[in-house]
Amino acid sequence: MSTVFIALQANEDTRPIIEAIEIDNPHAVVNREPAMVKIDAPNRLVIRKDTIEEQIGRRYDLQELQINLITLSGNVDEDDDTLTLTWDN
C-alpha cells in the first residue's frame with residue numbers, strides 16, 4: 001500500500017476545503033501544522049467540487065485549489081468535477 005497526500009496552506013480559505021476533503025475521504029489522516037495542513041490517504045484521495053461548494057456556500061472552480069496548494073504526491077487525474085490522487089500498484 002502506498003500513501004498519497006496533499007498539503008495546503010492553513011488559512012480561512014482552506015478550512016472549508018479541508019472539511020470537504022475529510023467528508024469525501026473518511027479514511028484520510030489530517031495533520032494540522034501551524035502553517036499547513038497535510039492530508040494523507042492510503043492509495044487514493046478524491047477532492048470533489050460539489051462537496052467543496054456545499055462547505056463554502058458558493059460555486060467553486062477546482063483550479064482555485066492551486067492558490068493555496070503547497071505540494072501533492074500521487075498520480076493526478078483531474079476534470080471539472082474532481083481531482084483524484086492515486087498510486088497504482
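Modeller: Start with burial: buried means under 20% relative accessible area, exposed over 50%, and partly exposed in between (1.4 Å probe, protein chains only). Lys 38 counts as partly exposed, at 24% relative accessibility. This is a predicted model: local features need pLDDT of at least 70, side-chain atom pairs count only at pLDDT 80 or more, and totals for chains, interfaces and linings use all residues. Residues are numbered from 1 along each chain as its sequence is written, and side-chain values use heavy atoms, without hydrogens and water.

Colleague: Which residue forms a salt bridge with Lys 38?

Modeller: Side chains of opposite charge can pair when their charged atoms come close. The cut-off: a side-chain nitrogen of Lys or Arg within 4 Å of a carboxyl oxygen of Asp or Glu. Here the partner of Lys 38 is Asp 40, with the closest N and O atoms 3.0 Å apart. Asp 40 counts as buried, at 15%.

Colleague: How many salt bridges does the structure hold?

Modeller: Six. One of them joins Arg 32 and Glu 22, at 3.5 Å, N to O. Arg 32 lies in strand 2 (residues 29–32) and Glu 22 in helix 1 (residues 15–24), so the pair ties together parts ten residues apart in sequence. Helices (H or I, at least four residues) and strands (E, at least two) are DSSP runs, numbered from the N terminus.

Colleague: Is Arg 32 buried or exposed?

Modeller: Exposed, with a relative accessible area of 52%. Glu 22 is partly exposed, at 31%.

Colleague: Which residues are linked in a network of salt bridges?

Modeller: Glu 12, Arg 15 and Glu 19.
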